[in-house]
Amino acid sequence: MKINNSNHIHATCVSINNNGILIIGKSSSGKSSLALDLVFSGGKLIADDITKIYLKNNLLYASAPKKLPSGLEVRNFGIIKVPILKETLINFVIDLSKIETERLPQNRTIEILNTRMPYYKCCKL
């Protein structure tokens, strides 16, 4: 999988224990719900729904676009205030629009702005 030629993507980003997690997926796939769970576990929101991605010192970073509301949009509740961090180094990507079918999947990567990142599909619950 590859994402290039864009610095704003349809994704949510959270940093937990200094690990930047980029959450991608179709609309209503649960990106904000997962982000809320991660925030409740001690994470900090970087961006919800639209994430700015860029290279800094040859590493992939994420931040919120300037016009994005400063909070997390929770369906049927509105925008709620959560701890926010200005930017984070992205350590891996979770794709909520793909279901993992293998019990012990091989390591996968995704290319974002010519940078390879560990890539995980959603598991069935």
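This is a predicted model: local features need pLDDT of at least 70, side-chain atom pairs count only at pLDDT 80 or more; totals for chains, interfaces and linings use all residues.

The count of disulfides in this chain is zero.

**Cysteines**

- A disulfide is a covalent bond between the sulfur atoms of two cysteines.
- For Cys 13, the closest cysteine sulfur belongs to Cys 122 and lies 17 Å away, which is too far for a bond. The cut-off for a disulfide is 2.5 Å between the sulfur atoms, so the 17 Å separation of Cys 13 from Cys 122 excludes this pair.
- Cys 13 is buried, and its relative accessible area is 0%.

**Nonpolar cores**

- The largest nonpolar core comprises 16 residues, and Leu 22, Val 93 and Ile 112 have the most contacts inside it.
- Two or more residues of this core come from each of strand E2 (8-16), E3, strand E6 (59-63), E9, strand E10 (109-112) and strand E11 (115-122).
- With three residues, E2 gives the most to this core.
- Another core, of 14 residues, lies apart from the largest one; Ile 23, Val 39, Val 82 and Leu 96 are among its members.
- Which element holds Ile 23? This residue belongs to strand E3 (residues 19-24).
- Ile 23 has a relative accessibility of 0% and counts as buried, because the buried class covers values under 20%.
- Beyond its neighbours within four places in sequence, Ile 23 is in contact with Ala 11, Thr 12, Lys 31, Leu 34, Ala 35, Leu 38, Ile 94 and Leu 96.
- Ile 23 and Ile 110 are 87 residues apart along the chain, and their C-alpha atoms are separated by 12 Å.

**Strand pairing around E5**

- E2 and E5 form an antiparallel pair over three bridges. Within this pairing, Ile 9 stands opposite Thr 51 in E5.
- E5 also runs antiparallel to E6, to which five bridges join it. The bridge partner of Leu 55 is Leu 60 in E6.
- The hairpin of E5 and E6 has two residues between the strands, and Asn 57 there takes a positive phi near 55 degrees.
- In the loop between E6 and strand E7 (72-74) lies Ala 64, a partly exposed residue with a relative accessible area of 31%.
- Leaving aside neighbours within four places in sequence, Ala 64 is in contact with Ile 46, Ala 47 and Lys 86.

**Salt bridges and a polar contact**

- How many salt bridges does the count come to? The count comes to two.
- One of them joins the side chains of Glu 87 and Lys 56, with an N to O distance of 2.5 Å. This pair links distant parts of the chain: Glu 87 lies in strand E9 (residues 87-99) and Lys 56 in strand E5 (residues 50-56), 31 residues apart.
- Glu 87 is partly exposed at a relative accessible area of 27%, and Lys 56 is partly exposed at 30%.
- In another salt bridge, the side chains of Arg 116 and Glu 111 meet at 3.1 Å, N to O.
- Arg 116 counts as partly exposed, with 45% relative accessibility, whereas Glu 111 is buried, with a relative accessible area of 15%.
- Ser 32, placed in helix H1 (residues 31-40), makes a side-chain polar contact of 2.7 Å with the side chain of Asp 48.
- Apart from neighbours within four places in sequence, Ser 32 is in contact with Thr 12, Asp 48, Leu 72 and Glu 73.

**Positive phi in loop asparagines**

- Asn 17, found in the loop between E2 and E3, has a phi near 55 degrees, a positive value in a residue other than glycine.
- Asn 17 counts as exposed at 67% relative accessibility, since exposed residues are those over 50%.
- Asn 114 is found in the loop between E10 and E11. This residue is not a glycine, yet its phi is positive, at about 65 degrees.
- The relative accessibility of Asn 114 is 65%, and the residue counts as exposed.

Note on methods. Residues are numbered from 1 along each chain as its sequence is written. Side-chain values use heavy atoms; hydrogens and water are left out. A salt bridge is a side-chain nitrogen of Lys or Arg within 4 Å of a carboxyl oxygen of Asp or Glu. Helices (H or I, at least four residues) and strands (E, at least two) are DSSP runs, numbered from the N terminus. Buried means under 20% relative accessible area, exposed over 50%, partly exposed in between (1.4 Å probe, protein chains only). A polar contact is a pair of N or O atoms within 3.5 Å; within protein, one must be able to donate a hydrogen and the other to accept it, and residues adjacent in sequence count only if both atoms are side-chain atoms. Contact means heavy atoms within 4.5 Å. A nonpolar core is a set of buried Ala, Val, Leu, Ile, Met, Phe, Trp, Tyr and Cys residues joined through side-chain atoms within 4.5 Å. Two strands pair if DSSP finds at least two bridges between them.
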